[in-house]
There are 2 protein chains.
Amino acid sequence: MRDVAIIGIGMTRFGELWEESLRDLLVEAALKAAADAGVDRVDSMYVGCMSSGLFVEQEHLASLAADFLGMGPIPATRVESACASGGLALRSAFIEVASGLSDLVLAVGVEKMTDVSGEVCTAALAAAADQEYESFHGVTFPGLYAMIARAHMERYGTTCEQLAAVAVKNHANGALNPLAQFRNRITVEDVLSSIMVADPLHVLDCSPVSDGAAAAILCPLTLARKLSKKPVVRIAGVGHATDSLALYRRPDLTRLRAVERSAHLALGMAKREPSEVDLAEVHDCFTIAEICVIEEVGLVPRGQGADAARSGLTARGGKIPVNVSGGLKSKGHPVGATGMAQIYELVTQLRGDAGERQVKDARIGLAQNTGGSGGSSVVHVLEVC
Amino acid sequence: MRDVAIIGIGMTRFGELWEESLRDLLVEAALKAAADAGVDRVDSMYVGCMSSGLFVEQEHLASLAADFLGMGPIPATRVESACASGGLALRSAFIEVASGLSDLVLAVGVEKMTDVSGEVCTAALAAAADQEYESFHGVTFPGLYAMIARAHMERYGTTCEQLAAVAVKNHANGALNPLAQFRNRITVEDVLSSIMVADPLHVLDCSPVSDGAAAAILCPLTLARKLSKKPVVRIAGVGHATDSLALYRRPDLTRLRAVERSAHLALGMAKREPSEVDLAEVHDCFTIAEICVIEEVGLVPRGQGADAARSGLTARGGKIPVNVSGGLKSKGHPVGATGMAQIYELVTQLRGDAGERQVKDARIGLAQNTGGSGGSSVVHVLEVC
């Protein structure tokens, strides 16, 4: 397998982008990545999107993207693993470059969620859960993560204040991100006094419904050194793992086993320990999710995730900064785009281009992208070299 | 890149399978492929499915499949390119094995279409066309292919009788396939007197709505030689290409440019000429589609596709047998499964296991799988060795 690097990144603003269609968003992010890479063609492309079918009645999205990018007839593949679709697009592009089949491969993640009513949107998102055993019976994602939060509280004494501290930290970071959906700082009191969605999760514990896209262009490391005028970022490790979609099939609700395994695989491939990671972008679709994920990745010991945001450990200036982009919580969560937006942030940081929210001396970054309530997880380890 | 072989295949019956759910079909085909290969684990898997979201409100399908196969936590990726999703699953699995990342990789194609009304089904299928420029305005797939048929008639003098001969041939083949949805022989008169769906396409020019799944297990050629007790079938060539989704964006309605390019790429990789192909499974979603495809692949000269079925050229005992399985027309067309069902047929034929419908001395087979009205195409060349 060939070593693979990222030579270009692009991202749209995240938010309720009513003037921009699915294809507009996709094209904007991809062309920004191409401009950043200094290329006008790629050999192949992958589109990560959870459900353009249920959101805007459009399947066959990768061919559409290739055409509207003016890049047809290149091979174009849509990949889907619910909210992990973006990370999966990067993994797929990585494999195609590593295999030797293609040199320049585009990975783009996209979702257009605000064209439909809240009810339709909730139903579309519920398609990431097990239809026969969960969604059909009316369970939605806030409910599923609320069960995980309750289990974590029972096991480790996690409090609503600790959950809230995750949202407070991520909003403080998002306030510095010009592409973020929410740029307002919030307090623990704001979270605790916000509407309860699914006890113990308040609305400010939840990531929003968003539109947006993010993209990256990959090539062999040797080619990247020739083409790129910017610091070259290598994909040092890739991990992908699955678990049951339905919570009832898991032995322990406090565990996200696919996250643990995918992180183990990616760090193993990169030959790195969690303690070597300089910053991490992780899947905080709900505040409890960030807490569980940093435990599974090994950034904190198991059971000690809850206090990490409150204590400042995961703050921008802390020992291990988590979600300096603002995370899904503040930056926004266009589901299929999220995994690629994490990569956008890491590359920006590893290049030293993150301005006000720059993490000092960032050389190794980890991105963790979850599908559903943990039914899939994709982890990448990026290193500047 | 490593050489890649297929060591196991499995397929469900195709048809209106009201007693079997999406996951039942997926598991049945995959376990049959595992049994055929003599393995009980794989390292990774790909699921090709066009729209489990719109058909049964289930996304995140690959993780679900891995879990219900008892194969979690392996990496599991869903790929989608409308009706070419099955072929795309094989291509993706091929790349992962060729890259060296994984040794045993499962590719499965599936679709469950009959759980919804005809109206919902038609709308779901229309998501393979361009939503903003075609489907939104009420165009459906019979209408799109009818326009292609009219253009072909205008250009080459193609007749309704020639279209009908394709259906007659494929039903004659499907009558010998125990897994086919329709096993009745039909006549040209049957086709011409059947209901008109979109002039000039009668209902017997159209493939049906179906449920079903088909699967294959891939591994490096060197490993296949050790593991397999059956003739080893190598994936000698892979081609994937795209075109605009919308017909209005194409310069010539009689052309399926993605088919031509993907076939050129696959035959080029296999270092084969079209004339060396012993049998082909091609995407006959409508009778006109088979005619266009055999021209684009180069099995007949351009403009001479129309008479190939009528003249017997593409019959089972003809010079180049096409769709000896019965094709989409008679075998059935569960959209995401179709590409893998083509592979199932080719491997069965190349192993010499096709019984009554066996093509004599078949050593080189070509599978061509179209997405939408030609917005994508995936071609594989398989060789027994």
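**The interface of chain A and chain B**

In this predicted model, 32 residue pairs, both members at pLDDT 80 or more, are in polar contact across the interface of chain A and chain B. By class, the side comprises 25 nonpolar, 20 polar and 13 charged residues.

Several terms need their rules. A polar contact is a pair of N or O atoms within 3.5 Å; within protein, one must be able to donate a hydrogen and the other to accept it, and residues adjacent in sequence count only if both atoms are side-chain atoms. Helices (H or I, at least four residues) and strands (E, at least two) are DSSP runs numbered from the N terminus. Ala, Val, Leu, Ile, Met, Phe, Trp, Tyr, Cys and Pro count as nonpolar, Asp, Glu, Lys and Arg as charged, and the others, Gly among them, as polar.

Residues are numbered from 1 along each chain as its sequence is written, and chains are lettered from A and ligands numbered from 1 in the order in which they are written. Local features need pLDDT of at least 70, side-chain atom pairs count only at pLDDT 80 or more, and totals for chains, interfaces and linings use all residues, while side-chain values use heavy atoms, with hydrogens and water left out.

In total, 58 residues of chain A are in contact (heavy atoms within 4.5 Å) with 58 residues of chain B. The area buried between the chains is about 4,600 Å², of which carbon and sulfur atoms give 52%; buried area is the accessible area (1.4 Å probe) that two parts lose on being put together, summed over both.

Charge pairing also spans the boundary. A salt bridge is a side-chain nitrogen of Lys or Arg within 4 Å of a carboxyl oxygen of Asp or Glu, and 10 of them are counted between chain A and chain B. In one, Arg23(B) joins Asp130(A), with the closest N and O atoms 2.9 Å apart. In another, the side chains of Asp67(A) and Arg249(B) meet at 2.7 Å, N to O. That pair runs from helix H3 of chain A to the loop between strand S8 (233–242) and helix H10 (257–270) of chain B.

Finally, the symmetry: chain A can be laid on chain B with an RMSD of 0.0 Å by a turn of 180 degrees and a shift of 0.0 Å along the axis. The two copies are therefore related as by a two-fold rotation axis. In chain A, the C-alpha nearest the axis belongs to Ser99(A), 1.9 Å from it. Both copies use the same surface, since 100% of the contact residues of chain A recur in chain B. The superposition is by least squares on the C-alpha atoms of residues with pLDDT of at least 70 in both copies.
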